Amino acid sequence: MAHATLFRQITAVLLAIPLLMPMHIEAAAQPPDTAAAAYVLMDAQTGQVICGSHENQKLPMASTTKIMTTLLTLESGNLDDPFVVNAEAIRVEGSSMGLQEGDVVTKRVLCAGMLLPSGNDAANASAVAVAGNIPNFLHLMNRRAAEIGMTRTCFASPSGLDAEGHGASAYDMALLARVALQNPDFAEICSQKSVELSFGNPPYVRTLYNTNKLLSMSEDIIGVKTGFTDAAGRCLVSACQRDGTTLICVTLNDKNDWADHLALYDYGFSIAESYTVPLPSDLSIPVEGGKKTGVFIYAKEPLTLTAWNGKPAAITADILLPPFLTAPIAKGETLGTLRYTAGNNIIIAELPLYAADDVPISSQTEPQPWWAVLLDRLYGVA
């Protein structure tokens, strides 16, 4: 139909509705005590902070840094093209995936080497493979952090080894994990207790094991990354999924991180309650050349979200529709989108909007082509 082309070319945000729904559930107990210098528990879908302590304080975050290094590597493409690792890059102290000079790898293999055994050699090799050298890669890391909204973060190392100025807040690391988990490759790799892959000179199959013990402590844990240096202490970013809802927990400098994460997840899910976001009503679009001058639109199912301890997330609903349509229109035809965003404008859901009725072509006048209607509306000429 003519209006389908128009929709692709002209999409207007007609309405933005801030939604903050009052809830009436009994307040739960206070969050458990932790040994962390800073922590945060976040709803992965909406970015809502459920609880935290010193979550906005910038601290060293050790190898949880590799969440960003892995994300950028995955986003760079050509993940399965083999290449020889940079010999200088892999000469680095600390944890390793076992790279040696001359080894043939792929970016996907290096991502597993970062997320499972926390290879500093894999992080440096990835940085050089993606950006040509480590300084260029650090620029990419900090630019991506700014895009995500990590305002209390500075990346000075691709691996997380102590470096001047290197650090992030627990809140920022939760934001990073939230974005990273939306990448299917990242989510798949970080959830594995172990993985068999091939690299070397010549490549041969070997097994890498995950340092994240939470994966073996609870079936609900789906990632993400451990970290430790003398300056940072024990750092942990994890994610837990129950009944279709995902929480992210970050602890920085926490000697009791395994137990603290499990306790925080138990607390978080104990105060969860689903609620339905009401749909906008009486929405319509003008129609040209039809027996009706407009058509009502609707969404088939409302969005269901989770409120935590009686507090729902602040979300925004944007209704994306063309300025007008041209008949004919069929009942049930998709005409637009209801888009929900929350936390740094991350899209959390999109609902199709459908035509509520048929709108046949008017028999009195021959309908104008869509481009003529558009010119007439914009400039007063056809």
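Is C51 buried or exposed? At 8% relative accessibility, C51 counts as buried. This value, like the others in this report, comes from a predicted model.

## Overall composition

The protein contains ten helices and 18 strands. Of its 382 residues, 50% are buried.

When contacts between residues at least 6 apart in sequence are taken, 66% of them join residues at least 24 apart.

## The five-stranded sheet

Five strands form an open sheet in the order β3-β2-β10-β9-β8, and their pairing is antiparallel. The edges are held by β3 (49–53) and β8 (221–229), each of which pairs on one side only. From one strand to the next, the twist averages 5°. Strands of a sheet pair through backbone hydrogen bonds, in either a parallel or an antiparallel manner.

Within this sheet, β2 (residues 38–43) and β10 (residues 245–252) run antiparallel and are joined by six bridges. In this pairing, A38 of β2 stands opposite L252 in β10. Helix α6 (residues 170–180) lies across β2, β3, β9 (233–242) and β10, and runs at about 35° to β2.

## Cysteines

The whole structure was searched for disulfides, and zero were found. C51 is in no disulfide; its nearest cysteine sulfur belongs to C249 and is 7.6 Å away. A disulfide would require the two sulfur atoms to be within 2.5 Å.

C240 is likewise in no disulfide. The nearest cysteine sulfur to C240 is again that of C249, at 9.6 Å. C240 has 0% relative accessibility and therefore counts as buried.

## Helix α3

Helix α3 (residues 107–115) has nine residues, and eight of them are buried, so the helix is largely enclosed by the rest of the structure. The buried residues are K107, V109, L110, C111, A112, G113, M114 and L115. One of these, C111, is a further cysteine, and the search for disulfides in the whole structure gave zero.

## Q48 in the β2–β3 loop

Q48 is located in the loop between β2 and β3. Its relative accessible area is 13%, so Q48 is buried; the cut-off for this class is under 20%.

A polar atom of the Q48 side chain lies 2.8 Å from the backbone oxygen of K311. K311 is also among the residues that Q48 touches, once residues up to four places away in sequence are set aside.

## D254 in the β10–α9 loop

D254 is placed in the loop between β10 and α9 (257–270). With 0% relative accessibility, D254 counts as buried. Its side chain reaches the backbone nitrogen of N256 at 2.9 Å.

Leaving out residues up to four places away in sequence, D254 touches A35, A36, R234 and D260. The C-alpha atom of D254 is separated by 10.0 Å from that of F228, and the two residues are 26 apart along the chain.

Technical notes:
Residues are numbered from 1 along each chain as its sequence is written. This is a predicted model: local features need pLDDT of at least 70, side-chain atom pairs count only at pLDDT 80 or more; totals for chains, interfaces and linings use all residues. Side-chain values use heavy atoms; hydrogens and water are left out. Two strands pair if DSSP finds at least two bridges between them. Helices (H or I, at least four residues) and strands (E, at least two) are DSSP runs, numbered from the N terminus. Axes are lines fitted to C-alpha atoms, for helices over the stretch in contact, and angles run from 0 to 180 degrees between N-to-C directions. Contact means heavy atoms within 4.5 Å. Buried means under 20% relative accessible area, exposed over 50%, partly exposed in between (1.4 Å probe, protein chains only). A polar contact is a pair of N or O atoms within 3.5 Å; within protein, one must be able to donate a hydrogen and the other to accept it, and residues adjacent in sequence count only if both atoms are side-chain atoms.
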